Amino acid sequence: MKKLLQSSPIYDILQKAEHGERLSFEDGVRLFKSNDILPIGHVANIIRERKNGNHAYYITNRHINYSNICKNRCKFCAFSRNKGESGSYEMALEEILEKAMAAVEEGAKELHIVGGLHPDLPFDFYIKMIRAIHESCHDVHIQAFTAVEIEHLSQIARLSIRQTLKELKEAGLGSMPGGGAEVFSPEIREQLCPEKLSGEGWLQVMREAHAMGLRSNATMLYGHIETPEDRISHLLKLRKVQGETGGFLAFIPLAFHPKNTELSNSSGTTAMLDLKVISISRLMLDNFDHIKAYWIMLGIKLSQVSLSFGVDDIDGTVQEERITHAAGAETPETLSVREIIKLIKEAGREPIERDTLYNSVQREQRDFMLQKV
Ligand code: V47
Ligand code: SF4
């Protein structure tokens, strides 16, 4: 490996990373323009092991996509519908609560709740949803609403971002997922999601959430029309905010799925691009503890391989997923705990069940049997 590393034209950058030196914009772009995936992955793996040892995390969770009605209609999204359009849906509070309670009964430690930007559901609906789940489901963490949804809710409620977050937190919101970040570049946003909250707006919502003690994740949607420069500038913006707040838990690269979207003639991502984005993210985001492979989007096999390319977390059981499957994902909608553990062990890693905040979860054998394994 040493020889392979030394003969690589990007050896200077990899050495910097290995010695704990911060990588620059130019370094990141050069890494993306290189096809030396083994040396890049090797150093990403070193950093990953330095931060997380041999642990590979997973979570017993459930996704609930409460509505696909959305006023934004981003060009990369196959999930959203206009109100009244065929295929549009909105779940009643009772249905959401039923799904949440069933998941907790089966051992879920986290509920991941996101949806479209509904034009006329009142703020009270969201408060009631979070409060009802919080009061009925003990010992579950509610991770809900992207920064884009929070800004939308603040408009509906005619409240500041801070007050909106405060009311949601009081109702039982535990943290925020990382969606809606897409690629921060204004040019890309103008072309793909002109109605969406700007990149700066997304970052500002996260700053405010972190300032009041709400942790969050961060994502980047890649494999559409973005350039290596767009990707690196996105990562550097995340790194800067993380330096200010320390509030991001994990970074999750999201592999674009083109089917049924306005970009359906795009060919989607390749394994090479997926591994590059994962390992380069690990190298650039030196102040993030965790890089997560969302197996629903990345595919089960590549998620397993990614555990040697910088990833230390492969997300969770998920149970029901609508966003990626609307866009042609061929992965199943759920994985059992047993399947996840097998994948991790086969990759030579030690599976650690975590909660949202990366505390390890200890289960009685009986609880474990109750889970769908
Ligand atoms: O915000 C939309 C993306 C996100 C497509 O925080 C698409 O732990 C691929 O953010 N192809 C929602 N991606 C999912 C998300 C997420 C998932 C898992 C874990 C976490 C976390 C967050 O999905 C959206 C958007 O960026 N998206 N359409 C598509 N066609
Ligand atoms: Fe709406 Fe989110 Fe889909 Fe954009 S990605 S159209 S904001 S649901």
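Guide: We will take the ligand and then the nonpolar cores of this predicted model.

Visitor: Where does ligand 1 sit?

Guide: A molecule sits in a cavity if more than half of its atoms lie within 2 Å of the grid points. Ligand 1 passes that test, and its place is the largest cavity.

Visitor: How much of the accessible area of ligand 1 does the protein cover?

Guide: Start with the polar contacts. Oxygen atoms of ligand 1 lie 2.8 Å from a polar backbone atom of Gly178 and 2.8 Å from one of Gly180. On its own, ligand 1 has 610 Å² of accessible area, and the protein covers 95%.

Visitor: Which side chain has an N or O atom 2.9 Å from an oxygen atom of ligand 1?

Guide: The cut-off for a polar contact is 3.5 Å. At 2.9 Å, this pair is within it, and the side chain belongs to Asn217.

Visitor: Which residues touch the most other members of the largest nonpolar core?

Guide: That core holds 112 residues. A second, separate core has 5 residues, including Tyr57 and Tyr358. In the largest core, the answer is Phe145, Trp202, Leu238 and Leu283.

Key: Residues numbered from 1 in each chain as written. Chains lettered and ligands numbered in written order. Predicted model: local features only at pLDDT ≥ 70, side-chain atom pairs only at ≥ 80, totals over all residues. Heavy atoms only, no water. Core = buried A, V, L, I, M, F, W, Y, C linked by side-chain atoms within 4.5 Å. Buried < 20%, exposed > 50% of the residue type's maximum accessible area, 1.4 Å probe, protein only. Polar contact = N/O pair within 3.5 Å; in protein donor to acceptor, adjacent residues only side chain to side chain. Areas by Shrake-Rupley, 256 points an atom, 1.4 Å probe, with all protein chains shown as cover. 1 Å grid on protein atoms, 1.4 Å probe; cavity = no way out; pocket = protein on both sides within 12 Å on 5 of 7 lines; lining within 4 Å.
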